[in-house]
Amino acid sequence: MNQQMAIKVSGRNLALRAACITASLCGSPALAAPADTSDQTTTAASDEATSGFLDTLSRRSTLLGDMGGVRPWLSQYGVTLTVQETSEILGNVSGGVRQGFEYDGLTTATLQMDTQRAFGWQGGTVNVSGLQIHGRNLSADNLASLQTASGIEADRATRLWEAWFQQKLLDEDRLDIKIGQQSLDQEFMVSQNAGYFVNTMFGWPMLPSADLPGGGPAYPLSDLGLRLRAKPTDSVSILAGVFNGSPSPSDSGDPQKQDRAGTSFPVKDGALAIAELQYAYPNLNTLVQANETEPLSRLYKLGAWYDTKRFNDLRTDNTGLSLADPNSNGTPRTHRGDYALYAVADQMVWRDPAEADHNVNLFLRVMGTPDEDRNLIDFSLNAGLTLHEPFAHRDDDTFGLGMGYAKVGSHAAAFDQDTAAASGSFNPIRHSETFVEATYQYQVTPWWQLQPDAQYVFNPGGGVLNPNGNGRRVGDELVVGLRTNILF
């Protein structure tokens, strides 16, 4: 989801950078729950009172400032309100099922309460967020791609997203627990540098999107569960959670349409367990103790997930015949459970000695599963680089170049072969899909970003037939467009 708005880390403020490195252990900045902005709100209110609304427009952290006194009033009770609008126009000028441009938009509203400030309960946080999804879905309408072009694409709806309570249990944030409706793409499998991009797969990866029930508990879906985070050392963190086996109340149809409001809260459909080990350097203590040149930051993660539900075989029925065989009964063989392993790396590789904001970062995320009989995708990869402050005096701008790769599993490919043999006609055999993306985030004001974007997709859908192509595959696609992020 993102879903891809990234928060820039300033190189001039040591304390802020240390806090951002610590916060990166909690997940992606894309569509993440906001930090406490009460002090900023109070400052904005003061500025507006003395200088006027329009005079402070270019300096405020949010477009609406104190919202006519709403934010300062909420702050008295430990509550912060964040509203963000992400709008974009994307279109494919070549390839695809057809060419054209479409508008897509997402409004995210988040209320977060600090329980200590609200009523004296130390270490607690309550978070509730909702989504208003509007516009159309370019990937479904035009592209027929596996790796969808935008992280905000979803069915049009107004729905609850997350609703959870988090409690710190030890000093120095060594242990905390979160319970409630959660979207896993906010904390698990996250690459902090990949969050600058537009394509969906830089947020929630292709493999769980294709293989987990309902695409997994990720934007715009979420799941009831329990998450534990422990920090045995300053550099090492452990994330682990158990959630319902599917975010959808039904295994049939579109999971978003099965629960249009996001309020079904299924709990009796197996279990999804996930764990992740994280190593970050430099940590907070390293930064505080640094006297001269700071080390290049890095963040490495290893993780795995396991879902206990039953999964359909992609090739054979429950009698052993191919599902493409005319004699098949059409009922797939089922298998107990599914799992995958993954690794994520974010590494700064260069920093300008004279300007710390000017730096280059690389990222890599790989994920695979050996259970090819039940998984459409058995391997996915994302990689790329980000260049911060690409031009002088553009401290908050970021240029990114990335790619994504998804491999179709052997059983899904074998089913394509069986279909061709049974029909006696041409039927392409799916194998893989690759895309590359170039993007640029231009910070117009602290509350407004513009982001031109270009993507090129090779072998869309893994090589599927174009329904309008007279027996030809869907052609390679050039997708271009513009996204805007506004923080209200």
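Start at Asp 176: at 5% relative accessibility, this residue counts as buried. Keep in mind that the model is predicted.

Arg 229 sits in strand β6 and Asp 176 in strand β5, so the bridge links parts of the chain 53 residues apart. Arg 229 is buried too, with a relative accessible area of 9%.

Next, select Arg 174 and Asp 234. Their salt bridge has its closest N and O atoms 3.0 Å apart. Arg 174 lies in the loop between β4 and β5, and Asp 234 in the loop between β6 and β7, so the pair ties together parts 60 residues apart in sequence. Arg 174 is partly exposed at 22% relative accessibility. Asp 234 is partly exposed as well, at 27%.

Move to Asp 397 and Arg 394. Their side chains meet in a salt bridge, 2.8 Å from N to O. Arg 394 is partly exposed, at 23%. The whole structure holds 20 salt bridges.

Finish on the surface. Select Ile 89, Val 93, Phe 101, Tyr 103 and Leu 478: they form a nonpolar patch with about 440 Å² of accessible area together. Strands β1 (79–96) and β2 (100–114) each give two or more residues to this patch. Leu 478 lies in strand β16, residues 475–487, and is partly exposed at 31% relative accessibility.

How values were computed
Residues are numbered from 1 along each chain as its sequence is written. This is a predicted model: local features need pLDDT of at least 70, side-chain atom pairs count only at pLDDT 80 or more; totals for chains, interfaces and linings use all residues. Side-chain values use heavy atoms; hydrogens and water are left out. Patches are made of residues with over 30% relative accessible area and no salt bridge: like charges are joined within 9 Å, nonpolar side chains (Val, Leu, Ile, Met, Phe, Trp, Tyr) within 5 Å. Accessible areas come from the Shrake-Rupley method with a 1.4 Å probe; for residues, only the protein chains shown count as cover. A salt bridge is a side-chain nitrogen of Lys or Arg within 4 Å of a carboxyl oxygen of Asp or Glu. Helices (H or I, at least four residues) and strands (E, at least two) are DSSP runs, numbered from the N terminus. Buried means under 20% relative accessible area, exposed over 50%, partly exposed in between (1.4 Å probe, protein chains only).
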